[in-house]
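Dear colleague,

I am writing to hand over a structure for your study. Please open the sequence and the structure shown below before you read my notes.

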Amino acid sequence: MTLTHIFFDLDGTLVDSSEGIHNGFVQTFERLGLPVPSDQKIRTFMGPPLEVTFKEEVSEEGADQAVKIYRDYYETKGQLEAHLYDGIKEVLEYLSQDPNKKIYITTSKNEPTALEMCEYLGITEFFDGIYGATPAAFHKADVLQRAIAENNANKDQSVIVGDTKYDMIGGKTVGIKTLAVTWGFGTNETLLAENPDFVADTVQELWDILNNN
């Protein structure tokens, strides 16, 4: 079996964006005049779509305003508080040169912000497509489904690479393989409870899996 279509999550998988995301949540709660959650609690917000988090943490009615405040901060400052994990750029470069593989980003981050972040980090050129959340489709499965359909990807030869249970659930929902990386924002307990097809504890292990399958 050869993996021909590789769909990468962005935050916590390729990019350590925790500082900017954390600051974005702090700013949002402060601007709304709400108590700022603990650092530990904010870490659990990294992974799910913003819309879902704010509906639970703020209110059904206040979620749209909270998303807007967060994105205003993130688009001007937060996305600049991010860096690639060590070794990731080399992995993307090698994969992009493999004629048998197509690589994509599929993120719950909103699409314009994802495109800007990839430009800022200098990785846009490596990808065959960059897909993010849209107002109508923000769950990981929605983003994956669009990317799969637009690229006629063979599901049997496709894999989602991600760091949270939301990536694993999204992959299983659309019927592709799942590869969990353990250095990101998800806890290993919830990540591995989804029984991913592959697990990488280091960037070297990620490369070995993708290069040999």
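The model is predicted: local features need pLDDT of at least 70, side-chain atom pairs count only at pLDDT 80 or more, and totals for chains, interfaces and linings use all residues. Residues are numbered from 1 along each chain as its sequence is written, and side-chain values use heavy atoms, with hydrogens and water left out.

Helices (H or I, at least four residues) and strands (E, at least two) are DSSP runs, numbered from the N terminus. A residue is called buried under 20% relative accessible area, exposed over 50%, and partly exposed in between (1.4 Å probe, protein chains only). The accessible areas come from the Shrake-Rupley method with a 1.4 Å probe, and for residues only the protein chains shown count as cover. Contact means heavy atoms within 4.5 Å.

Salt bridges

Side chains of opposite charge can pair when their charged atoms come close. A salt bridge is counted when a side-chain nitrogen of Lys or Arg is within 4 Å of a carboxyl oxygen of Asp or Glu. The structure holds 8 salt bridges, and three of them are described here.

In one of them, the side chains of Asp11 and Lys109 meet at 3.0 Å, N to O. This pair links distant parts of the chain, 98 residues apart: Asp11 is in the loop between β1 (5–8) and β2, and Lys109 is in strand β4 (residues 102–110). Asp11 and Lys109 are both buried.

Another salt bridge is formed by the side chains of Glu57 and Lys41 (3.4 Å, N to O). Here, too, distant parts of the chain are linked, since Glu57 belongs to helix α3 (residues 50–57) and Lys41 to helix α2 (residues 39–44), 16 residues apart. Glu57 counts as partly exposed because its relative accessibility is 27%, and Lys41 is partly exposed with a relative accessible area of 34%.

The side chains of Lys140 and Asp167 also meet in a salt bridge (2.8 Å, N to O). Lys140 lies in helix α7 (residues 140–150) and Asp167 in helix α8 (residues 165–174), so the pair links distant parts of the chain, 27 residues apart. Lys140 is buried, as is Asp167. Through salt bridges that share partners, Asp9, Lys140 and Asp167 are joined into one network.

A patch of charge

On the surface, Asp86, Glu90, Glu93 and Glu125 gather in a patch of negative charge. Patches are made of residues with over 30% relative accessible area and no salt bridge; like charges are joined within 9 Å, and nonpolar side chains (Val, Leu, Ile, Met, Phe, Trp, Tyr) within 5 Å. Lys and Arg count as positive and Asp and Glu as negative, while His and the chain ends are not counted. The place of a charge is taken as NZ of Lys, CZ of Arg, CG of Asp or CD of Glu.

Asp16 lies in strand β2. Leaving aside neighbours within four places in sequence, Asp16 is in contact with Glu81, Ala82, His83, Tyr85 and Phe185. Ser17 is in the loop between β2 (15–16) and α1 (18–31), and it counts as buried because its relative accessibility is 0%. With the neighbours within four places again left aside, the contacts of Ser17 include Asp11, Tyr74, Glu81, Ala82 and Phe185.

Arg71 is found in helix α4 (residues 63–76) and is buried, with a relative accessible area of 18%. Not counting residues up to four places away in sequence, Arg71 touches Leu50, Glu51 and Asn110.

Residues in exposed loops

Asn152, in the loop between α7 and β6 (158–162), has a phi near 45°, a positive value in a residue other than glycine. Asn152 counts as exposed at 68% relative accessibility. Asn195 is likewise not a glycine, yet has a positive phi of about 50°; it is placed in the loop between α9 (188–192) and β8 (198–200). Asn195 is exposed, with a relative accessible area of 57%. Pro135 sits in the loop between β5 (129–133) and α7 and counts as exposed at 80% relative accessibility.

Yours sincerely
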